[in-house]
Amino acid sequence: MFLFYFSIILAILSSALYHFVAKSTPADVNFTVSLLVTYAVAFVVTLFTFYFFPIENGISAEIKKLNWASIGLAVAVVGIERSEERRV
């Protein structure tokens, strides 16, 4: 039950943080540089989560399980971020 409530709270807090930080990003910064730094930090944070969710079979075995959806999701997320650029 803890994970259920934790997931809801994490989603709410992350969404609020996203919108607050998006509005705080300087308007005169190059969008591509901003996005690059954002995803570089997200990559490092994701690596940190391996401590809490260890991989049993190794990262290469897990990567082999992926399909086109991971690439499609990456393109979609960048597209969403790009469309948000002028709206915030």
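I looked up leucine 47 and found it in helix α2 (helices are DSSP runs of H or I, at least four residues, numbered from the N terminus). Leucine 47 is partly exposed, because its relative accessible area is 41% (buried is under 20%, exposed over 50%, partly exposed in between, with a 1.4 Å probe and protein chains only).

A note on what I'm reading: this is a predicted model, where local features need pLDDT of at least 70 and side-chain atom pairs count only at 80 or more, while totals for chains, interfaces and linings use all residues. Residues are numbered from 1 along each chain as its sequence is written, and side-chain values use heavy atoms, with hydrogens and water left out.

Next I checked valine 37, which also sits in helix α2. Valine 37 has 49% relative accessibility, so I put it down as partly exposed.

Then the surface. Leu47 belongs to a nonpolar patch with Phe43, Val44, Phe50, Ile55, Ile59, Ile63 and Leu66, and together they have about 740 Å² of accessible area. Two elements give two or more residues to this patch, α2 (31–48) and α3 (59–64). The largest share, 3 residues, is from α2. For a patch, residues need over 30% relative accessible area and no salt bridge, and nonpolar side chains (Val, Leu, Ile, Met, Phe, Trp, Tyr) are joined within 5 Å, like charges within 9 Å. A salt bridge puts a side-chain nitrogen of Lys or Arg within 4 Å of a carboxyl oxygen of Asp or Glu.

On to pockets (open sets of points on a 1 Å grid, with protein on both sides within 12 Å along at least five of seven lines; lining residues have an atom within 4 Å of a point). Which residues are closest to the centre of the largest pocket? I got Leu17, Tyr18, Val21, Thr38 and Glu81, out of 30 lining residues. The space in this pocket is about 1,200 Å³. Helix α2 gives the most to its lining, 10 residues, and α1 (2–24) and α4 (68–84) each supply at least two.

The second largest pocket has a volume of about 400 Å³. Its lining counts 13 residues, with Phe43, Thr46, Phe50, Leu66 and Ser70 nearest the centre. Again α2 gives the most, here 5 residues. I noticed that Phe43, Phe50 and Leu66 are also among the residues of the nonpolar patch.

Conventions
Areas by Shrake-Rupley, 256 points an atom, 1.4 Å probe, with all protein chains shown as cover. 1 Å grid on protein atoms, 1.4 Å probe; cavity = no way out; pocket = protein on both sides within 12 Å on 5 of 7 lines; lining within 4 Å. Points joined across faces, edges and corners; volume = space filled by probe spheres on them.
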